[in-house]
Amino acid sequence: MFAHAIGFDDAPFAHGWRGDVPVIGTVYARTTLHGVVSGRVRRDGRNSTAELARLVNRSPEHLQLILLQGIALAGFNVVDLHALHAQTGLPVLVVARRAPDLPRIREALLTRVPGGARKWALIEAAGPMEPCGPVFVQRAGLSHSQALQALRTFTVTGNVPEPLRAAHLIAGGVTRGHSAGQRA
């Protein structure tokens, strides 16, 4: 079903950093890396959806799926899954190793993050994280069974699909000078 995907992850950043954070996207055909794109999103900002749509829309036309490692980049720059799906015409699959602590996230957003109520609304609109194979997912534009098939297609090492694993490793390597010791 899905043979071509792009996976995004953000680069590591210092706790007190307040500027832009690099975002890396890796383009895959099944389990083979075919390209890398990069952009920047604002720490705790609100430009992640627009930046990811820009990067996807300038990528190869044969893309069939967008993968995200979590619904937020650069702290709490929350991606609007349904808007990203609409702006690119591609299904969006968020992958997480474990279910998030939603009460803690809600509290942080509503008490410490500018625009937190809007960001919390985006998380709620994305729907609950649901078990899917060995991971948890949120999705826009694809069914649970399609999500499971996509995970099977793109996962080789561990439980995280290769486009996300590679984006994570590249983002760490570019930012820190190495990727060793990071959990992908």
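I take axes as lines fitted to C-alpha atoms, for helices over the stretch in contact, with angles from 0 to 180 degrees between N-to-C directions. Helices (H or I, at least four residues) and strands (E, at least two) are DSSP runs, numbered from the N terminus.

The model is predicted: I use local features at pLDDT of at least 70 and side-chain atom pairs at pLDDT 80 or more, while totals for chains, interfaces and linings use all residues. Residues are numbered from 1 along each chain as its sequence is written, and side-chain values use heavy atoms, with hydrogens and water left out.

**Entry 1: α1 and α2**

I looked up how α1 lies against helix α2 (residues 81-88): the two axes come within 10 Å and cross at roughly 30°. The pair is therefore roughly parallel (angles under 35 degrees count as roughly parallel, over 145 as roughly antiparallel, 65 to 115 as roughly perpendicular and the rest as oblique). I recorded a right-handed crossing for α1 and α2; the term applies if the near helix is turned clockwise from the far one by less than a right angle, and left-handed if anticlockwise.

I then listed the contact (heavy atoms within 4.5 Å). From α1, T49, A50, L52, A53, V56 and N57 meet A83, L84, Q87 and T88 of α2.

**Entry 2: α3 and α4**

I next examined helix α3 (residues 102-112) and helix α4 (residues 116-125), whose axes come within 7 Å and cross at roughly 150°. That angle makes α3 roughly antiparallel to α4. The crossing of α3 and α4 is right-handed. On the α3 side I noted L102, I105, R106, L109 and L110, and on the α4 side G116, A117, K119, W120 and I123. Seven of these residues are nonpolar, one is polar and two are charged.

Most residues other than glycine have a negative phi.

Is D44 buried or exposed? I count D44 as buried because its relative accessibility is 17%, the cut-offs being under 20% relative accessible area for buried, over 50% for exposed and partly exposed in between (1.4 Å probe, protein chains only).

With a relative accessible area of 0%, A74 is buried.

Note on methods. Ala, Val, Leu, Ile, Met, Phe, Trp, Tyr, Cys and Pro count as nonpolar, Asp, Glu, Lys and Arg as charged, and the others, Gly among them, as polar.
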